[in-house]
Amino acid sequence: KGHWQSDIVFFFCRMSHAANPNRPKKDQADSEAAQAAKQEKADRERIRRLIITLGDDSKKVVGQIRGLAGALDEDVELHGELIIETVVECAKHLPLKPCIFAAWARRMAEKHANIIASVAAKVMGELRTALRMGLPTVSQLMLRFLVALGNTGTIALPQVATLLQEIVALSKDLRSIKGGDLGIFLALSALLFLSPSAHSQIIETVDGIMAAAQAYLASRDARWKPLLRVLRSDELPDRLEALATAVQLQKDAGWKSETVLHVPGFEPSIDGCSEMPPLAALGVTAEDIRKSKVRMQVPLVSSRLLTSQAGTGSQDQMTLYDRWVLEDYILMTVELFGRDVDECSKQILRLPVWHTHFDAAVVETVFSAMLRLPSPVLLPLFYSRLIEALTEKQKSMVKLVDNAYKTIFERASDLDEDALDTLAEAFAYHLMHTGYSADLSPFTGDNVSVQAQRFLRRALERLQRLSFHQNLLHRLPEAVHVYVPPEPLPASNLPSQTKPEFERMLGLVRIRDPDEMKVLRYCHCLLKLNPKSEHKEEDASMTQAVAVAETDPGKERSGPTEDMPSTVSRVSEDSAQVAEIEDGSGEGEKRNRDGDGIAKDSGAGAAKRQRGMAAGAVSEPAQNVEVKEEVKHDEDKGAETAVVVPASAVKVEGKQQPDIEDAEFGVAPVKSWPLESVLELFLLAVLQHGAKTPTHLSKMLDGHLQVFAELKPTDEEEAASFAAFVVRCVFEFWQLSGQRLEITVDALLQRNLITPRAVVEQALAQRGSAGHDSMSVWNVINRVARKSLESQQSVRVELTIAKKLGKDDVVQRCRRQLDTAVHETAELFTLIFTGLIRNHQDFEDTDLLLRRITLERVLAIGRKFYAFIKPLIDAAESRIPGVAHNPEMASVFQSLTAL
């Protein structure tokens, strides 16, 4: 048997080979191709890893450069493009590596000058693109890499000098608000990375650049600096002014620096590498910068929260040029590694700067970047997480972070309003991360400033959103319990919630299988808008039509009269809808209730009863008992002459049929309710059921959109009042929970149930620390403003795309939409500013603190959204009511024009 089976297997193998004799060769070829692809992928990963990790160990840089040049010697032919691309990307995204890669490039140029020439050309291309697109960080790094190539002798120094002069020319005849800061800033920051030897060879060019920078700064009107101060009394220079001072000090020190790494063993050259082609011209002019819509906003230098005690001449004090370069490293690393907090913290701690103030400088720089005005580069939460990541990896920073918070708390009265909000959010996260342990002594005692109290209330409100109310009471010291916000519960004692109708509405409004028509019927019942009474006259005309049809059946068969079709051949729309609902709710119940009544009548007896009921209904129309269709059969002609008769014209013999609505909705009100009362009753029921979670709220709103639509008036003014009333109810319901208030308002705005105007008016109408000055109120206002601007920007993007594609019809449509969006945005911000000005006047004799806060809120909003509402701010006195008659407000708007 075994011999027989082996013969079969051998036979089939021979048959398979005969059918496809090349299959083994094909499998072998596929296997070899897969192996080759796998090997190529491994080689590419190896090359990328070697290049990216170059210089990670700062103590072995020279050996790593030599080793990498040798390791890549054999890979140039096959993977030259990969090497070029990886080197440029590393120089573009690793602030510490340009000088290291420049030294490696000089080593590679000895054998592969064509590869390094391609690297230099690609870097020039990246520099041009970044300048045209308004990317200062990328421009700065690319220019720094080219200067480093000059330091190592890869590029001739005169070419580097020419490039720096072209960069300075980008600021020629340009004011700072037109982009004039960019060229001077880039050129001066590049000078800090010149080696002492390179500086000595092009000293005339360097002096010319410094002279041009001094002339520009002398004519520069930096009136916006007071608007960007985190602490109002700190008259700090911006980073451009500090840079000019740093360059002069570095020149005086012989161009030496402890923060700039110059790899030993490489010297600059007037001629450069013999096989390297000259650099191409920059090709970007000052006119290109002026036409660009992106402007470089130079931030202020970091606040000296921790290092201000050391004097300028102290030996422990870091030099100004080293401090500037260190801050530059940190800011660039934060911007480039903003997607990975952990890696960002590692890159910062890996900076090759050995100084006693390194940790303090890092903490100060991160805090200042977080509080940067008008807004930080990244979200405040990122900086909070970065601070915690740094303290986890560098324990010596823990005390420094606590001291930085304490220093700011002591100067809380001097803190900008936007910075206060940001710092409150960061401190709440800090308390959460440290297990509620922090030095809260600045907030206890009798001498706590009002601004410090406001800060702690705001921070604890943020903390409650991250935790629970009971946790705050249990974990925080009792001395600060007075600042803990109330438990975030929905309102339960509003006047409408005490009415018996509210309990009935709660039963009708439900999250699962919502019955919008039943809710509408109850609303109509309260409003005394019962469909039966609305169509009473129509039902009476139908009854008359029945009588005519019976007395003159021939006339009915021959065709309807001119006056009859609208009443006999159809039932009113509302009656038909209600009949459909009642039929679906249970036919059996009606039949049991009616006994042998209407539903079972047929033949001649039914026809006689219907004739009698119809006659009774004509004489007593108020006794209509049910909205339901009935069919009238002629006793002689049968079904052919059947006529539809509304049940509203039918009366049960001897006794009126009970109304189902009386059982479901209770006793009808004697007087009709106002629409606002009914709307409040319904809205509070929806909010009550949706108070569990935001998901519950979304389902409740989506399940009852038709009720909102039916209750909303069609008149424009009445609709505006409707939206304002809805917003007011929401603010009252969530008066103790600002977070749920924000979520609810956002959900209503998404469904177009309320308007931005109504939200802004109600928000600015709030009073007190829990109202006008509350965090949730300003979060709501900012969110409404951002949504308006996002809508405007989306239309702009669509218009730009349509222009590029040549779609004229889309272009015309987008232009109309853009005009509308711009007009609506201007109206919205006019409303915001008008409300703030009115509040500022109202607080004149009642609350001076809120009056000052209101003034700062105007400044904060104008500063944050200035780029989008510049025409409105420039013409504030003529376009915003109240500005011309309020000197303080006029002064604020005048200062905003300097941005």
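1. Seven residues are linked in a network of salt bridges: Arg144, Arg239, Arg304, Arg323, Glu327, Asp328 and Glu364. The model is a predicted one. Across the structure, the count of salt bridges comes to 40.

2. Arg239 and Asp328 form a salt bridge, with 3.4 Å between the closest N and O atoms. This pair ties together distant parts of the chain: Arg239 sits in helix α12, Asp328 in helix α14 (residues 320-336), and 89 residues separate them. Are these two residues buried or exposed? Both Arg239 and Asp328 are buried.

3. Next, Asp414 and Arg411. Their side chains meet in a salt bridge, at 3.4 Å from N to O. Asp414 has a relative accessibility of 18%, so it counts as buried, the cut-off being under 20%. Arg411 has a relative accessible area of 28% and is therefore partly exposed.

4. A further salt bridge joins the side chains of Arg813 and Glu798, at 3.0 Å from N to O. It, too, links distant parts of the chain. Arg813 belongs to helix α39 (residues 808-842) and Glu798 to helix α38 (residues 775-805); the two are 15 residues apart. Arg813 counts as partly exposed because its relative accessibility is 31%. Glu798, at 32% relative accessibility, also counts as partly exposed.

5. Now helix α11, residues 203-219.

6. Which residues of α11 are buried? They are Thr205, Val206, Ile209, Met210, Ala213, Tyr216 and Leu217. These residues cover an arc of only 135° around the axis, so they lie on the same side of α11.

7. What does the buried side of α11 pack against? The partners are four helices: α8 (157-168), α9 (180-191), α10 (196-201) and α12 (239-252). Helix α12 is also where Arg239 of point 2 is found.

8. Turned away from the buried side, it carries the exposed residues Glu204, Ala218 and Ser219.

Key:
Residues are numbered from 1 along each chain as its sequence is written. This is a predicted model: local features need pLDDT of at least 70, side-chain atom pairs count only at pLDDT 80 or more; totals for chains, interfaces and linings use all residues. Side-chain values use heavy atoms; hydrogens and water are left out. Buried means under 20% relative accessible area, exposed over 50%, partly exposed in between (1.4 Å probe, protein chains only). The arc is that of the directions from the helix axis to the C-beta atoms. Contact means heavy atoms within 4.5 Å. A salt bridge is a side-chain nitrogen of Lys or Arg within 4 Å of a carboxyl oxygen of Asp or Glu.
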